[in-house]
Amino acid sequence: MRDPYEVLGVARTASQDEIKKAYRALAKQLHPDVNPGDTLVEQRFKDVSAAYDLLSDKERRRQFDAGEIAADGTPLHQNPFRHHYRKDSAGGFDFGAGGIDIEDLFSDLFGRGRRTQTRTQARTKGQDLTFTVTIPFLEAMRGGSQRVSLASGKTLNVTLPPGTEDGRRLRLKGQGMPDPAGGPAGDAFVEVHVAPHPYMRREGADIHLELPVSLKEAVLGAKVRVPTIDGTVSATVPPGSNSGTVLRLKGRGIKAPSGGRRGDQYVKLQVTLPDQVDDSLAEFLRGWTPPDGYNPRKKMKLD
């Protein structure tokens, strides 16, 4: 096996973060899911994974740098018996009182190393990945399915609960990077950002919006169309409504994930005049006399 530093393209003095960064970049580029059927790329991916497996383990990296193990992790003992014998006075070898168990020796040199490596593999998993998606306000409030593309090129449908909040993190178990040591794959975390709506906003399970109405609709009352998260519905503007009048559309808010009571929608009326006032309306208002005691600013403290 090639020098793991060369395989990952890093210097021997590289930090653990630099090694991890190099591995993630190469793994993303060489992953078999991205290069289906390419055996050469698949072998490179295996080499990169093995190199990272060795260098990401601080103790094994130290052993490799010290010449104690090879690039494939096997021990490099110049004299495997050096800790178990001594020369006797006759020039032969004395293996100590009771002699030496050769099976234990080779188990110590090779078997334990493999068992330790197996235990290490069982404790590790692949790198977690984080993705960021921005979804429209209405989709977030209604809930549903959102398609997400992973680094491997794979696409998944992510289920969004009704009323998904901005910044929510969803976990996709086992959809992260594969583990170089053969352990379970990491997880993928999807961070959801909700795009603002031009005139709707949420408060808890309720939806709020301001609805412009004409002077005639406000004075005489009318049936008007109101947008909701589920589509447009009809609502009644009571006669004599004013700017600031709030209509409640029961059950038009966000669905409860547990199937409980649904939120409401609150519609705040905003009386709006046309950009250019009609001459007949202006003439009528010139002749109109407000009722006694009427003062639209009476609640304000004015000097």
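Mentor: Two strands count as paired if DSSP finds at least two bridges between them. Keep that in mind for the hairpins below. The model is predicted.

Trainee: What makes strand 8 and strand 9 a pair?

Mentor: Strand 8 covers residues 200–203, and strand 9 covers residues 206–213. Four bridges link the two in the antiparallel sense. Pairing needs at least two bridges, so strand 8 and strand 9 qualify. In one of these bridges, Arg-202 has Ile-207 of strand 9 as its partner.

Trainee: What lies between the strands in the hairpin of strand 8 and strand 9?

Mentor: Two residues separate the strands in that hairpin, and Gly-204 there has a positive phi near 65 degrees.

Trainee: How do you know that strand 9 pairs with strand 13, and in which sense?

Mentor: Seven bridges connect strand 9 to strand 13 (residues 265–271), in the parallel sense. At least two are required, so this counts as a pair.

Trainee: Why is strand 9 called mostly covered?

Mentor: Six of the eight residues in strand 9 are buried. A residue is buried when its relative accessible area is under 20%.

Trainee: What joins strand 12 to strand 13?

Mentor: Four bridges do, and the two strands run antiparallel. At least two bridges are needed, so strand 12 and strand 13 are also a pair. Val-246 has Lys-268 of strand 13 as its bridge partner.

Trainee: Which residues make up the covered face of strand 12, and which the uncovered one?

Mentor: Leu-247 and Leu-249 are on the covered face, while Val-246 and Arg-248 are on the uncovered face.

Trainee: What makes strand 10 and strand 11 a hairpin?

Mentor: There are two residues between them. Strand 10 (residues 222–228) and strand 11 (231–237) are joined by seven bridges in the antiparallel sense. Pro-227 is bridged to Thr-232 of strand 11.

Trainee: Why is Val-224 called buried?

Mentor: The relative accessible area of Val-224 is 8%. The limit for buried is under 20%, so Val-224 is buried. Val-224 sits in strand 10.

Trainee: Which residues does Val-224 touch?

Mentor: Setting aside residues up to four places away in sequence, Val-224 touches Leu-211, Glu-217, Val-233, Ser-234, Ala-235 and Val-237. To touch means having heavy atoms within 4.5 Å. Ser-234 is 10 residues from Val-224 in sequence, with 5.7 Å between their C-alpha atoms.

Trainee: Why is Ser-243 called partly exposed?

Mentor: Ser-243 has a relative accessibility of 35%. Buried means under 20% and exposed means over 50%, so Ser-243 falls in between and counts as partly exposed. Ser-243 belongs to the loop between strand 11 and strand 12. Not counting residues up to four places away in sequence, Ser-243 touches Leu-269, Gln-270 and Val-271. Leu-215 is 28 residues from Ser-243 in sequence, and their C-alpha atoms are 9.8 Å apart.

Trainee: Where is Asn-242?

Mentor: Asn-242 is in the loop between strand 11 and strand 12 (246–249). Apart from neighbours within four places in sequence, Asn-242 is in contact with Leu-269 and Val-271. Asn-242 and Glu-217 are 25 residues apart along the chain, with 10.0 Å between their C-alpha atoms.

Trainee: How much space lies in the second largest pocket?

Mentor: About 610 Å³. Of its 18 lining residues, the closest to the centre are Leu-215, Val-219, Asn-242, Trp-288 and Tyr-294. Helix 7 (215–220) and helix 8 (279–286) each contribute at least two residues to the lining.

Trainee: How do the residues of that lining divide into nonpolar, polar and charged?

Mentor: The lining of the second largest pocket has 13 nonpolar residues, four polar and one charged.

Trainee: Why does Arg-60 count as buried?

Mentor: Arg-60 has 16% relative accessibility, and buried means under 20%, so Arg-60 is buried. Arg-60 lies in helix 4 (residues 58–65). Gly-73 is 13 residues from Arg-60 in sequence and 7.6 Å away, C-alpha to C-alpha.

Trainee: What share of the protein chain do buried residues make up?

Mentor: Of its 303 residues, 29% are buried. The protein chain has eight helices and 13 strands.

Terms used:
Residues numbered from 1 in each chain as written. Predicted model: local features only at pLDDT ≥ 70, side-chain atom pairs only at ≥ 80, totals over all residues. Heavy atoms only, no water. 1 Å grid on protein atoms, 1.4 Å probe; cavity = no way out; pocket = protein on both sides within 12 Å on 5 of 7 lines; lining within 4 Å. Points joined across faces, edges and corners; volume = space filled by probe spheres on them. Nonpolar A, V, L, I, M, F, W, Y, C, P; charged D, E, K, R; others polar. Buried < 20%, exposed > 50% of the residue type's maximum accessible area, 1.4 Å probe, protein only.
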